[in-house]
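I opened my notebook to look up a few things in this structure. Come along and check each entry as I go.

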Amino acid sequence: MTVRTKDEIRKPDVYYIRKRDGRIVPHNPKRIVSAIFRAQQSLGKGDEKLAAQIGADVQRRLEKEYFEQNKIPEVEEIQDMVENALMEWGLFDIAKAYVLSLIHISEPTRPLYISYAVFCL
């Protein structure tokens, strides 16, 4: 039996996520970076390099917590991860703009109630 090192084990070409409606679709890390960048732009900021760095941080977290364990994260879990990463980076204003954009974007598919915590930001 041949033992392979961690570096020799090939990562899959595609990871999957679960949408709110239950569909399982390919994960696109560029969508995370784009959402972070749009939140920056809504505040008159716009640093693509920073958005990419935070996106890479979120991607590493996804790989460690979900993909390496063959788990499929739900969209809400990814969104929470992005919000937490933004706050850990000290970007509280961008985190707030990100959350507020999610309320608007996901209204048609989100449950009818909105958490009180959203209004406390």
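I began with a definition: helices (H or I, at least four residues) and strands (E, at least two) are DSSP runs, numbered from the N terminus. With that in hand, I found Val99 in helix H4 (residues 92-106).

I noted that this is a predicted model, where local features need pLDDT of at least 70 and side-chain atom pairs count only at pLDDT 80 or more, while totals for chains, interfaces and linings use all residues. Residues are numbered from 1 along each chain as its sequence is written, and side-chain values use heavy atoms, leaving out hydrogens and water.

**Confidence.** I looked up pLDDT (the predictor's confidence in each residue, from 0 to 100). The chain averages 85, and 76% of the residues score at least 70.

**Val99.** Is Val99 buried or exposed? I count Val99 as buried because its relative accessibility is 7% (buried is under 20% relative accessible area, exposed over 50%, partly exposed in between, with a 1.4 Å probe and protein chains only). I also saw that Glu83 and Val99 are 16 residues apart in sequence, with their C-alpha atoms 7.2 Å apart in space.
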